[in-house]
Every structure is written in structure tokens, then in C-alpha cells.
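This report describes a protein chain with its ligand.

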Amino acid sequence: MTIPDVMELTLDEKASLTSGASFWYTKPVERVGVPAIMVTDGPHGLRKQREGGDHLGIGDSVPATCFPPAVGLGSSWDVDLVHRVGEALGTETAIENVAVLLGPGINIKRSPLCGRNFEYFSEDPIVSGALGAAIVKGIQSKGVGTSLKHFAANNQENDRMRSSSDVDPRPLREIYLRGFQRVVEDAQPWTVMCAYNRINGVYASEDPWLLTRVLRDEWGFKGLVMSDWGAVNERVPGLAAGMDLEMPSSGGVTDAQIVAAVQDGSLDESVLDVAAGRVLDLVGKAQAGAGSIAGPLDVDAHHALAREAAGRSIVLLKNDAPDSVAALRQAQGPVQAQGPVEAQGPVEAQGPVEAQGPVLPLAKEANVAVIGEFAEKPRFQGAGSSMISPTRVDTALDEIRALSTGEVTYARGFSNALEVSPEESTALRDEAVAAASGADVVVVFLGLPARLESEGYDRDDIDLPVEQLALLDAVLAVNPNAVVVLSNGGVVALPFADRVPAILEGWLLGQAGGGAIADVLFGDVNPSAKLTETIPLRLEDSPAFLDFPGEFSHVRYGEGLFVGYRWYDARRLEVAFPFGHGLSYTTFSYGDAAASVREDGDIEVRVAVTNTGDRAGREVVQVYTSLPGGAVQRPDRELKAFASVQLEAGETREVVVPVRRKDLAYWDVRADRWVVEGGEYVVEVAASSRDIRSRVTVEVAGDEFALPLSRTSSLGEVMRHPVAGPVVQAAIAQMMGGMEGAAAIMPEGVDFTKMMESFPIGRVGMFAGGEGGGVSPEMIDGLIAMGNAGRQ
Ligand code: BGC
């Protein structure tokens, strides 16, 4: 069936296409054979509801593979893996005849408190953008579409349908939009979903700057913009701004508004033609892909992929020898429950303690005490619209039992129920302590109960429940040979980090997470994930602490560019575990990096990485840059690229990491454009943002860029101007020469030129020797005209 041209439709038919028929369907136009298509959540699995619909994850949906949510998958830092997961998601979407999977979500994790951080990849736009592009390409390779969301600056749940994210232009472009730009330019998602919130006072759903100028004119987006569910404020201005499809259904109310606006002349019909045309294009693409993949779904194969992906999502935060912790305790005396933590690096053993290896991986024959409700009842996805019905769910407890050849005992340890009596808590703890004291090693599962983080609301703190911390203390008192495994969608404070020899950050791992945890615990999988967000010591240290979630529907992004590690670095703050950190059961050494500018202007960074341990492993190599002494404020270091390498024990490989020239650009607020500043860039090759292994510099030629001169240009700006600069510099030199020998009262070393630098050129005449001093306004205007003409 061919899709008709929009010009064949009546006014009413065109308007009808621009809003949904129901929760998940677009409207058909039966007269000309346009079918309805189905769109549905996303992002880490297919949530196709059987009947009715809701956007809060309440109603049941058809079983689908629950892959690790973005918080987990992102920690893999692996675009190939993410692409493969995307392909699997696309396959499931196609089998179920759904046209568009509503994801990925790539918003920046601005505050650890955002209730929806589990759905997002990172605090860094290069990570979010690269992984977002990979998943979009994977999904769309199967003939179905994606919806890149939530566009844009949707970084909290609190008041999300009204709140204005008040962001300055540089952070908006360099942090909050950069990832979206990359996904649009690299992967052309079929659709973009506009966010609920306002940006600098304007609803995303009716912002022509955002939806048309930036998204289409600058980035070249070719697809359709749909609204988040219920994000439309005023429909007619929204349509004119570039918001093509309102979701879900408006019951025809807004279609009628559009028709009326065309009829009374307040809306040009051509605007409607464009939007309806985009809906037709989407339907056409969906039809072309429909039926290309026949079911049934290979449930086992996708479950296996979900397990592989989950194994690659688990971050080994720490892996020390148990004796070092015991020694530390001996040396320090009794441990303070919530004292300041110094968590990085292995704890120095003190005193005559026999050295042992790190706790992990566990020997399969070890007698293991498994403690904590999450081992038996896993939290594997977050609450809200992304909640899907998994095809099956593995528990860590069963999978540990399956891989272990020793004795495995289990104690619940605590209860995640809302109401727990003190007697019950004590009984659970006592049972856990008894299990721990008899075991070779204890694996304690801690985490956030589901109610503490969800779409729709933010968290109040980053603390684990107190009863869990108390349980851990009680267990450690009888058996310090312990591993903590965490289940959480947003970061949590780890006040016990110096008292537990090994910690696995297990995030939310999808339906196969239980198996993946067992794989990592026993070393069948060597962990290789790294943090895509900083784990702070205290919530108070976090960048948005004083500006979150705002008040009276405005949230000021006061930290500016300094989001995530950019902030902790600039403020020289200790953190629990830094951005980019993650250990392995092997070790890697880095050679000296080399960096050069390629013909296309991109920078090629090369470094040899060696697996110096005794087992195969994968290392994520990170490249950060900075430009000391640059013209604009910049963070100490910013991630610009990354790559991963799989190495056998003892193997060395050269890793090539290209840095895109455009990613070096800052947003120039005076010219309203990107500018690559020229200069000597520092390139750091690193194992984490705080583990720099090699540093080189590379000279980068700047963009041809000069602001037009005017009378308000400063003398300094004019001196740096490529055309006018040499003229002025010569004049100053002449003037200074004339003054030589004159009775100078200026203290030696005071830089006269520097003193003058900020003078507006239009006012210089007054100071150049009095009475105009031979510098007339005409001469200045002439200089300005000459400079500007020379730049044309
Ligand atoms: C969420 C979107 C989701 C939509 C449909 C909204 O509440 O913000 O991410 O795709 O509902 O369920």
C-alpha cells in the first residue's frame, strides 16, 4: 500500500494525523488507506500493553526481554555491545508489529537525586551521545524506529510537567544538548520526543528554537517530533514550533483547534502540511519495515544476550585482600559507622598480617553465605513507563548455587517491606550473623528498595536504608571476608567503603542480572565496566546540591558547565569513586600516548595497552582534553572519546582513539556558534578521570573566527584581531618608543599594554595624549572598517 501525498488529504484529515488515536496508536485515514501505527516504551525492553494503556507502567504488557536499563548498559562503555542489544530490541519490536520503540533516554544525570537516573546513561554528553547513537542504529537496523528522549534538559522528575530548566547557553549546548546532537547527526532516529519541561521559560513542546532551529536547521534532523505523553501545553503554537505529533490522544480537541486556526488565518496551512507530511513519512517507513521479522522470539538467545550485557554492566569498585581491612581495623581501633571514607586504592596493610590475595573472584568450592533480600528478589529495572514484563527472571541466589561447588547458605538479613517490626529486624539480622560467622566468605546484597526511586519523583537523599547499613556492620563484625553487591538505579553513598574489601556496583541489571552477578563473583566473567557517573562521598558535595530541584517551577542550573566529574575536579573534592573508574581481575599498563592531527582535522590518539595480569580482560581507555590558558572557562579535563580493548594475559595492543575536532569546540555566546579555539591542547589518556596514565600535547589550529570590530571592542580584542591587530600593535609600539626616556613614574615591570587592554577602542582617543592626542574618531572608525573589510 503506498502512502498518499499530504496534498491528497483534507484539512480535517491532516489535522487528525497530528495527534494520537489512543494511548499507543496514531490515527488512520481510511479514505486514502493510511493505517494507524503503534509506538510503545522502551527503552530497555518492549512494553507492549495488551489492552488499554498507561504511561506509568501500571498495566500488564506482553512478555519481552528485559535488558539492563541504561544505568547498567552504559557502564559497559561499549558501543558494539550496545548496538547488539539495540538489534535485539529492534527484533522484538518488529516481531510484535510495533513501529517505534520509545527510547533511548539520554538526558544528563545532573543530580544523583533524579528519580529517573536509571533510564539515562551518564553525567557526560560524549558517553550519552555515543551510546545513544549505538542503540538507535541497532534498533533501527531492524526496520523499526526509535524516539530519542526527553528533548531536552529534562533532568529531574520533580514538577517535571511545568518546571523551567534555566540553563545558560554554554552548558545548554556543551552539556545538555551535545549528546542529542551526536545521536541525531550520527544515527538519525526516526523520531525525537520532546520533554515535558520548559527550557528558559519556554515549553519544549512549543519551542521553535529547540525543535526547528537547533534540531532541524543546525543538526539536520529529518524525522518527526512527537510529544512526551501529555507534554502539549498550547497545541497550535506547538505545531508552528515544529512539534508534529501530539501523544497520546487529545480526543480530537486539539485537532479542532488546528483546523480553526487554519480557517481563521492564524496558522498557515503549509505548517500543517509539513507536520502531517512527517506523520505520513513515519507511517511509510513503518510499513516498509513491517513484517520483515517473523516470530516467535528466540527467548533463550535474547536471555543469553541479556546475561552477557548484564555481566558487562557490573562495576568492580574495589577488590582488596580481606586481611588489609582487618589490619586497618586493628590499627584504627573501633570503626565509626558513618565516618569519613577514604575509599580509593587498596588499603595499606599494617602490622604482621599474612598477605592474601583479593577477595574476588571467589573460589567455586568456597562456602558462601549469601545475605540480603535482593539475592532472592532482585531489583532489575526501575519503576514507571519503562517497566516491562520480563520473559523470565534469574535470581543471584539460584545462580550462585548453580555455579558453586561449595556450601551456599542464605539469610534474608533485612526486609524491604514498608512496615517491619523491630523484633523482625533483629531476628533477620541475627540469622544473617549466624550464617556469616560459619562461612568462608560472605556476599551481602544491599540496595535501594523500589519505592525509593521511580519515574515521577526524585529521591530525598543518596543513602542506603539504615537497617541495611546496620546489618552490614553486624556481619562484618563476625566475618570481614565480605563482598558487597549493590542494586540501585541512582548512585548511593558508600560509608562502608573502607571497611569492606570488595564491592560490586550491580545497578539494575535486567532479567538476567542474577546470573551475571554469579558469573562475576566466581570469575567466569572478568568485570570490565566503569562508572559513567561519579559516586560522591556526600550528597552535599554534588554539583547541583544547592540548585535542585528549584522552586516555584524554576530550577537554576547554577553549576553551569561543571556537571559531574567536571565539578568534583574543579572544586578539588574527594569522591568515593571517580567517573570512569572500574577494576578488573587483571591489571593493565599503558605506554606513552601519541596524539596527532589528521587531515580531516580530527585528532588521533594512540596508546599501547598491556594486560599485565594473568587472565584475559577488557580495558576501557578514556581520552580527556583541556586547553590551559584558553579564552573561555573550561573544566580541568573533559572526556572527548573512549575505546575498549580485549586483551589476553600478557598481550599488548595499540589502541587508536579518534577525537572529533568538533568535540573540542566551545559554544561562543557572543557569536552564537561553535568555535574551536586554537592552541596547545593537553590530551590525557586515562583509566579513569582520576587515574591519568599518559599525557601529551597537540597543537590544534583554531577556527577562522573573529567578531566584527566595533567602537566597543576592547583594545585587547583589537590587538588580537588578525587584520587590525598588527596596525594597532605597531602604533602602540611607536607611541611607547616616543615615551622612552621621558620621566616615567610607573613602577618597573608594570605592563602598560595590559593596563590598557580593556579600554573600548572608541574611547582610546581621549587617553592618547589628551585632546584626542592625534587619534580622531574618524581614524578609529577607519580602523574598524578596515578590520571588518579585511575579514569579509
Ligand atoms: C515518559 C516517557 C514515556 C511515555 C509513554 C512518559 O511519562 O516520560 O518516557 O515514553 O510516558 O509511556
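The ligand is surrounded by 15 residues, the closest being Asp41, Arg116, His150, Tyr196 and Asp228; a residue counts as near if one of its heavy atoms lies within 4 Å of the molecule. The model is predicted, with local features requiring pLDDT of at least 70 and side-chain atom pairs pLDDT 80 or more, while totals for chains, interfaces and linings use all residues. Residues are numbered from 1 along each chain as its sequence is written, and side-chain values use heavy atoms, with hydrogens and water left out.

By class, the shell around the ligand holds 7 charged, 5 nonpolar and 3 polar residues. Here Asp, Glu, Lys and Arg are charged, Ala, Val, Leu, Ile, Met, Phe, Trp, Tyr, Cys and Pro are nonpolar, and the others, Gly among them, are polar.

| Side chain | Distance to a ligand oxygen atom |
|---|---|
| Tyrosine 196 | 2.8 Å |
| Lysine 149 | 2.9 Å |
| Arginine 47 | 3.5 Å |

Taken alone, the ligand exposes 310 Å², and the protein buries 100% of that. Accessible areas follow the Shrake-Rupley method with a 1.4 Å probe; for residues, only the protein chains shown count as cover.

The protein chain contains 21 helices and 29 strands, taken as DSSP runs (helices H or I, at least four residues; strands E, at least two) and numbered from the N terminus. Its C-alpha trace spans about 95 × 80 × 50 Å along the principal axes. Of the 792 residues in the protein chain, 59% are buried, meaning under 20% relative accessible area (1.4 Å probe, protein chains only). The accessible surface of the protein chain is about 30300 Å², with 52% belonging to carbon and sulfur atoms.

Asparagine 319 lies in strand E11, which covers residues 315-319. With a relative accessible area of 12%, asparagine 319 is buried. Its side chain reaches the backbone nitrogen of leucine 360 at 3.0 Å, and a polar atom of that side chain lies 3.4 Å from the backbone nitrogen of valine 359. Not counting residues up to four places away in sequence, asparagine 319 touches Pro358, Val359, Leu360, Pro501, Ala502, Leu583 and Tyr585, where contact means heavy atoms within 4.5 Å.

Conventions:
A polar contact is a pair of N or O atoms within 3.5 Å; within protein, one must be able to donate a hydrogen and the other to accept it, and residues adjacent in sequence count only if both atoms are side-chain atoms. Buried means under 20% relative accessible area, exposed over 50%, partly exposed in between (1.4 Å probe, protein chains only).
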